[in-house]
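The exercises below ask you to work from the overall fold towards a single residue. Please keep the structure open while following each solution.

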Amino acid sequence: MSNHDQPYHPTSDSHHITASVRAPLITGGKTYADVTEDICRQVEGKPTRAWIIAFGISFLVLLYGSVCVFWTWWEGLGVWGLNKTVGWAWDITNFVWWVGIGHAGTLISAILLLFRMKYRTSINRAAEAMTIFAVICAASFILMHAGRPWLAYWCIPFPNAYGSLWVNFNSPLVWDVFAISTYFTVSLVFWYIGLIPDLATIRDRATHRVSRFLYGMFSLGWNGGARTWARYEYVSLILAGISTPLVLSVHTIVSMDFATSVIPGWHTTIFPPYFVAGAIFSGFAMVQNLMLITRVVFKLEDYITFEHIESMNKIITLTGSIVGVAYLTEFFIAWYSGVEYERYAFINRAFGPYWWAYWAMMTCNVISPQLFWSRKIRRSITWTFVLSVIVNIGMWFERFVIIVTSLHRDYLPSSWAMFSPTLFDISDYIFSFGLFFTLFLLFAKFLPVINMFEVKAIIKSSSEKPPKPVYAEKETV
């Protein structure tokens, strides 16, 4: 009898295939049935008190923000703090910030899948959902900025009866429409395809007729056969291959909204890679915040471990360092160019009226991530949560600094002006938070927040103990 024909003995140390040099990604000695029970528990059970309180708060914020957005449309964009000099401000800042937040989901799902990084399995589902909700929030600011949302479809090039109503295809603003809509569509399909096997599991466990019907309908007749799994793997790899260039292209095109202009501080070729690195930087920080909260609220400490947290903090450190180098490069090029307007734009950022925003950006984005070089801080729940919040604050200030400080002092001193946000600037931003967290909480309650079948796929090689064989479990998974 060959070694491959030997019967499997769970208690035998010789068959423990977890590498001793790599810490386990799944703790608690989980079996396949444990994975199903732990993750389905939140979907099948009644909402917890913590979930109800969080959902109530986020929904009230959404209602308040919706009233403010409606009033903005009713009265017009004059309720914002915009003026003739600063025509872009909080609205575009928030748009770019939310698009950046949405980058981490596709990165974790697509690129890390292609590289077979196992630590993605416990976080990819929530990160993909975060991507979709963040892009929806970003799109809301496009509609707000349009002023007349009922005419937003005019941005779409299609034959019409209104005369020559064609968009300017030379404008990066039009490229935004195509890039973001494509990114949203592919991300939504990728997220939904990944859900199908887990939806089928919930369908088979459902005891209520309505639940069985709904989950059965959305699981598309999944039967778990070998051919079904093979086709699923093919589709996942194809979508990952499509999504990978989108991660790079979407924020590159967003950066071209600025880089193709002639405004000092904007027309620079460093913007595309700089924006992409910053998007991944802020996106991973938001994923950390969401997963740390989910980890505690849903009691998923055995699936979202310190190894996941540390791996993501390493990426935050890397991308934060890239962003810091980009900041220094911008200053160097402004000095080296010999263009007095370019030099003034960057001196004004650091020492002008908005100096506080610039130094908040530098402190949050360049200095704070360097604390993750300490392994103790990198593996600390408290430090990780606080620093992730600080990173997202800093990335918002980065977009504010780029947009407002480059506009408020242009070539003509007679047109210099300051921008101050109004109540509606702030309230419309609050609306996006209410929308985001309402959608995320609904997702976390009615759909499995962790990818069950991908966790089961790595449980043999990445858990503290090898799982029992299927025939030894009480429940067939």
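**Exercise 1: the chain as a whole**

State how many helices and strands the chain has, and then judge its overall dimensions.

Solution. The chain holds 16 helices and zero strands, where helices (H or I, at least four residues) and strands (E, at least two) are DSSP runs numbered from the N terminus. The model is predicted, so local features need pLDDT of at least 70 and side-chain atom pairs count only at pLDDT 80 or more, while totals for chains, interfaces and linings use all residues. Residues are numbered from 1 along each chain as its sequence is written, and side-chain values use heavy atoms, with hydrogens and water left out. For 477 residues, a compact globule would have a radius of gyration near 23 Å, and the 24 Å of the chain agrees with this; the radius is taken over C-alpha atoms, and the globule rule is 2.2 Å times the number of residues to the power 0.38.

**Exercise 2: Arg212**

Locate Arg212, and decide whether Arg212 is buried or partly exposed.

Solution. Begin with the helix: Arg212 belongs to α7, which covers residues 209-218. Next, its relative accessible area of 39% makes Arg212 partly exposed, because buried means under 20%, exposed over 50%, and partly exposed in between (1.4 Å probe, protein chains only). Leaving aside residues up to four places away in sequence, Arg212 touches Arg203, Ala206 and Thr207, a contact being heavy atoms within 4.5 Å. Finally, Thr438 lies 226 residues from Arg212 along the chain, and their C-alpha atoms are separated by 24 Å.
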